[in-house]
Amino acid sequence: MCGIIGYTGNDEKASGKLIEGLKNLEYRGYDSAGIALIDNGRLVRYRSKGRISKLESKIKNKKIKGTTGVGHTRWATHGRPSEENAHPHTDCKNRITVVHNGIVENYNELKEGLRKRKHRFTSQTDTEIFAHMIEEKINKGLFRAVNETIKKVRGFYAIVVIDRENPGTLVAARKGSPLVIGKGKKENYIGSDVTSFLKYTKKAVFLEDEDVCLITGGNYSVYNRGKKVIRKVKDIKWSHKQAEKGGFPHFMMKEIMEEPEAFEDTILGRFDHEKGTVNFGNISRAKIRKVKNIRIIACGTSYHAALLGKYLFQKYAGINTVAEIGSEARYSEPVVEKNTLIITISQSGETTDTLAAFNNMKAKAFHSLAIVNVVGSTLSRESKGVIYTHAGPEIGVAATKTFISQLAVLYLLVFYTAGAKEKMTRARMKKALGNLRKIPGMIKKICRDRKRIEKIAEKYCKQKDFLYYGRNIYYPVALEGALKLKEISYIHAEGYPAGEMKHGPIALVNNRVPNVFIAPQGRFYEKIINNIEEIRARQGTIIAITNKSNRKIEKNCHDIINVPDIDEDFYPLLAVVPLQLLAYYIGIKKGVDVDKPRNLAKSVTVE
Ligand code: BG6
C-alpha cells in the first residue's frame with residue numbers, strides 16, 4: 001500500500017502541493033518518496049529514501065517550477081527501500097513518468113520482454129515496467145498508450161502517468177487499488193484518497209475498478225472498458241484527521257476493516273486455484289521436499305501465528321514443528337536437527353528477541369524463511385528466503401491486519417509444503433485453496449455485523465478478568481484474543497487450551513469472569529461443549545464464537561458471535577476478527593487510546 005498523487009493546473013508551486021498531499025498520505029507508506037514535474041518541456045524528478053521530511057529537506061532550496069506533476073510515498077513490495085527504487089519511475093528517455101500503488105503479478109515476464117527489446121532498467125521495482133511499456137506505444141498518444149499497456153498487466157494497480165512532451169495532462173488508471181479525482185477551480189488533483197487534496201478541494205470523484213481517466217487543468221473525462229462513463233462529484237464532509245483514518249475513529253478499526261484487502265493482497269498471485277497449485281517463486285519445491293523439521297520463532301501476536309503454523313504443518317505436511325517465543329528461544333540452546341527449516345515471523349522484521357534467537361540457530365539451519373511485512377527489514381535480509389505479507393503499513397500498535405496476512409502466508413506455505421511432499425492430493429489442494437479465496441468476503445460479513453459485537457462489549461466492559469479457550473488450531477486464536485484485550489483495554493485476560501481448563505483455570509470461574517470459547521462445529525466441538533458445561537455448572541458466563549448454522553449452542557451460552565460456515569480448519573482466519581473487535585469496543589468504552597496503548601511499542605528493538 002503506497003500513496004500516490006497527481007496535479008495539473010496553473011499553480012507554479014505545484015511541487016508544494018504534491019509534497020503537502022504526500023504528507024497526508026504518509027500513513028499509507030513511508031519508506032521512500034519522490035515527486036516529478038514537467039518544467040518547460042524538461043522532466044524534473046526528486047526522490048529520497050525515508051520519510052517525506054527527508055525529501056522536503058532535499059528540495060528545500062531548489063526552485064522547482066512546473067504546473068503538472070506526480071508524487072509518491074512508498075511501502076515497498078518489490079525492491080528494498082532505496083532512492084533508485086523510489087517512485088516516480090521513468091523510461092530510458094525520461095519521457096514517461098509513472099507513480100504506482102499495487103502489485104504487478106506478471107512483471108517478471110513483461111520485464112524480460114522489454115529487456116529483449118533493449119530497455120534498460122534502473123530499479124528492482126515492478127512499477128518501472130509501466131514507463132517502458134507506455135513509452136513503446138507513445139506515438140499513439142498518452143491515453144491510448146496507457147490503455148494498451150494496462151491490458152497486458154496482471155495484478156492490481158493505481159497509476160498516474162505524465163508525458164514530458166504533453167504538459168498539462170495526467171492519465172490515471174485503477175484496478176483494485178483506490179484512486180480519487182479532486183476537482184478544483186482551473187486545476188485538478190488525483191490521489192490514493194481524499195487526504196491528498198482535502199486541503200485544497202472537498203469535491204471528490206471516486207474512480208471505480210478499470211476506470212481510466214484523462215485529466216487536464218480545466219477538465220477530466222473517465223472511461224471504463226473503452227466507454228465514456230460519468231462518475232458523480234461528492235462533497236467530502238470529513239476533517240483531514242478523519243480522512244487519514246478513512247473516516248474511522250481509530251487506525252485500529254480502519255486496519256481491522258482493511259483485513260479483507262490485506263488477506264487478498266497477500267495471497268494474490270501466489271496460487272492457481274484451477275490448477276490446484278501454490279507458488280512461492282523464491283522457495284524451491286525440491287528444497288522444501290527435503291525439510292524434516294521446522295522451528296518457527298516469533299514474539300507477541302506473531303508468535304500466535306507461529307503456533308497456528310505448528311498445528312497446520314504437522315497436520316497437512318506431516319512435519320515435526322516447534323513454535324518458539326523469541327526471548328526464550330534465544331537462551332534455550334535448542335538442538336537444531338538435520339534438515340531443519342527455520343521460519344521467523346515478524347510484522348516489523350526488527351524485533352530483537354526474534355532476530356537474536358534466529359542468529360543463534362541460523363548456522364545450523366538447512367534453510368531459513370522470514371515472513372515479514374516490512375520490505376528490506378533486518379530479518380528479511382538475514383534469512384535465506386523471505387515471504388512478504390502485503391498488509392501495508394500498520395499504524396495501530398496492536399497487530400490486526402498483519403496477523404491475518406501472516407496467517408494467509410502460513411496456510412499457503414503449509415499447502416505448498418504438503419504439495420511438495422505429496423501429502424495433499426490435487427483435489428484436496430483445490431478445495432483448500434477454494435476455502436482461502438472465500439475468506440476476504442467472509443471477513444467483510446463479520447465486519448458488517450460489528451454492531452452486535454459492540455453490544456456484547458458494552459455488557460462486559462466493566463469486568464476485571466477474562467478467560468479465553470480454544471482447542472488445537474483454535475488455541476492460538478484464544479491466546480490472540482486474550483492478548484488483544486490486554487493490549488487494548490488493560491483488562492487481565494488469559495488464553496488457554498480448553499482441555500487444560502480443569503487443571504487450573506476452572507478455579508477462577510465465577511459469574512464475574514467471562515469465558516470466551518472459540519467453538520465452531522467440527523472434530524473438537526463435543527469436547528468444547530463439555531468444557532462449556534463444566535463452567536456453566538459453576539455459574540460461569542459463556543461467550544462463544546461459532547459458525548452461523550450452529551443453533552444448538554444457544555442453550556449453552558450467554559452470548560454468541562457468529563462467523564460464516566466454512567471447513568473447520570479455516571475458522572482461525574475468521575474467529576480472530578470478532579475477538580479483535582470485542583477488544584477494540586471494550587477498549588473504547590474504557591476510554592483507552594487504542595492506537596497507542598500505554599507501555600507498548602509497535603516494534604521492540606531492545607532486549
Ligand atoms: C510488540 C507489538 O511490540 O511486538 C505487537 O506491540 C507485536 O503488536 C510484537 O506482535 C511482535 O512484533 P513483530 O514486529 O516482530 O511482529
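Which polar backbone atom lies 2.7 Å from an oxygen atom of the ligand? It belongs to Gln-347. Keep in mind throughout that this model is predicted.

**Stop 1: the ligand.** Select the ligand and stay on its oxygen atoms. Besides the backbone of Gln-347, show the side chain of Ser-302: one of its N or O atoms is 2.6 Å from a ligand oxygen. Taken on its own, the ligand has 390 Å² of accessible area, and the protein covers 93% of that.

**Stop 2: the shell.** Next, display the 14 residues around the ligand. Those that come nearest are Ser-302, Ser-346, Ser-348, Thr-351 and Ala-601. Colour the shell by residue type to see five nonpolar, seven polar and two charged residues. Now select residues 300-317, which form helix 10. This helix supplies three residues, the largest share of the shell.

**Stop 3: the domains.** Zoom out and colour the chain by its domain assignment: domain 1 (3-243), domain 2 (245-448) and domain 3 (450-607). The ligand lies between domain 2 and domain 3, because both give residues to its shell.

**Stop 4: domain 1 against domain 2.** Turn to the other pair. The centres of domain 1 and domain 2, taken over C-alpha atoms, are 32 Å apart. Each of these domains puts 18 residues into the contact. About 1,400 Å² is buried between domain 1 and domain 2, with carbon and sulfur atoms giving 67% of this area. To finish, select Tyr-27, Trp-75 and Phe-156 in domain 1: they lose the most area to domain 2, together 38% of what the domain 1 side buries.

Key:
Residues are numbered from 1 along each chain as its sequence is written. This is a predicted model: local features need pLDDT of at least 70, side-chain atom pairs count only at pLDDT 80 or more; totals for chains, interfaces and linings use all residues. Side-chain values use heavy atoms; hydrogens and water are left out. A residue is near a molecule or strand if one of its heavy atoms lies within 4 Å of it. A polar contact is a pair of N or O atoms within 3.5 Å; within protein, one must be able to donate a hydrogen and the other to accept it, and residues adjacent in sequence count only if both atoms are side-chain atoms. Accessible areas come from the Shrake-Rupley method with a 1.4 Å probe; for residues, only the protein chains shown count as cover. Helices (H or I, at least four residues) and strands (E, at least two) are DSSP runs, numbered from the N terminus. Ala, Val, Leu, Ile, Met, Phe, Trp, Tyr, Cys and Pro count as nonpolar, Asp, Glu, Lys and Arg as charged, and the others, Gly among them, as polar. Domain bounds come from an automatic or database domain assignment. Contact means heavy atoms within 4.5 Å. Buried area is the accessible area (1.4 Å probe) that two parts lose on being put together, summed over both.
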